[in-house]
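Hi there,

Here is the structure I promised to pass on.

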Amino acid sequence: ECVATNDGGQIATNTTLTVQYSPRIIQAPVDRSIFRGRTVSFICIADGNPSPKIFWRLPSTSPVEALRDDDGGGGVAEIVYSADRTMLTIKNAQPSNSGYYECVAENPIGTARSSAKLDVVLNTTCALPVTLVEAD
């Protein structure tokens, strides 16, 4: 409560103080390694006041919107975001989708960033010759 007094009288009022602060990442995305064609998700949670907006970028600073396979396998990765964009999901991931994905949390006060590496590897079968040895 704030009270002001002078010869003319007294007045009192209540007020609320809102403290704004820049974003900080409270759950950072983690590095992942998956086989080609699988689904992978990255999670990035941030707080701040006002609440930060979350978006994802590739190392080239381009937004993550559409990813394609450039290695001739013909696969196309599908990008899906959660409603609040805190989760980035890549369906049918391809080797060309490998790289660092950066989560950016932004509000008018500042910006916070965190990145995670994705390795998409070929799903290969390895047939090694096996020799059985019987024990005496």
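Which residue forms a salt bridge with aspartate 47? The partner is arginine 24, and the closest N and O atoms of the pair are 3.1 Å apart. By salt bridge I mean a side-chain nitrogen of Lys or Arg within 4 Å of a carboxyl oxygen of Asp or Glu. This pair links distant parts of the chain, as aspartate 47 sits in strand β6 (residues 45-49) and arginine 24 in strand β3 (residues 21-27), 23 residues apart. Strands here are DSSP runs of E with at least two residues, and they are numbered from the N terminus. Arginine 24 is partly exposed, at 48% relative accessible area. For that label, buried means under 20%, exposed means over 50% and partly exposed is in between, using a 1.4 Å probe and protein chains only.

Before you read on, please keep in mind that this is a predicted model, in which local features need pLDDT of at least 70 and side-chain atom pairs count only at pLDDT 80 or more, while totals for chains, interfaces and linings use all residues. Residues are numbered from 1 along each chain as its sequence is written, and side-chain values use heavy atoms, with hydrogens and water left out.

The structure has 3 salt bridges. Another of them pairs glutamate 102 with arginine 113, with 3.7 Å between the closest N and O atoms. Glutamate 102 belongs to strand β11 (residues 99-107) and arginine 113 to strand β12 (residues 110-121), so this pair ties together parts that are 11 residues apart in sequence. Glutamate 102 is partly exposed at 21% relative accessibility, whereas arginine 113 counts as exposed at 54%.

There is also a salt bridge between the side chains of lysine 117 and aspartate 119, at 3.9 Å from N to O. Lysine 117 is partly exposed, with a relative accessible area of 30%, and aspartate 119 is partly exposed too, with 31%.

Now for the strand pairing around β10 (residues 87-91). Two strands pair if DSSP finds at least two bridges between them. Strand β5 (residues 40-43) runs antiparallel to β10 and is joined to it by 4 bridges; here serine 41 stands opposite threonine 89. Strand β9 (residues 76-81) is also antiparallel to β10, again with 4 bridges, and isoleucine 79 stands opposite isoleucine 90. The hairpin of β9 and β10 has 5 residues between the strands, and arginine 85 takes a positive phi near 65 degrees in it.

Best wishes
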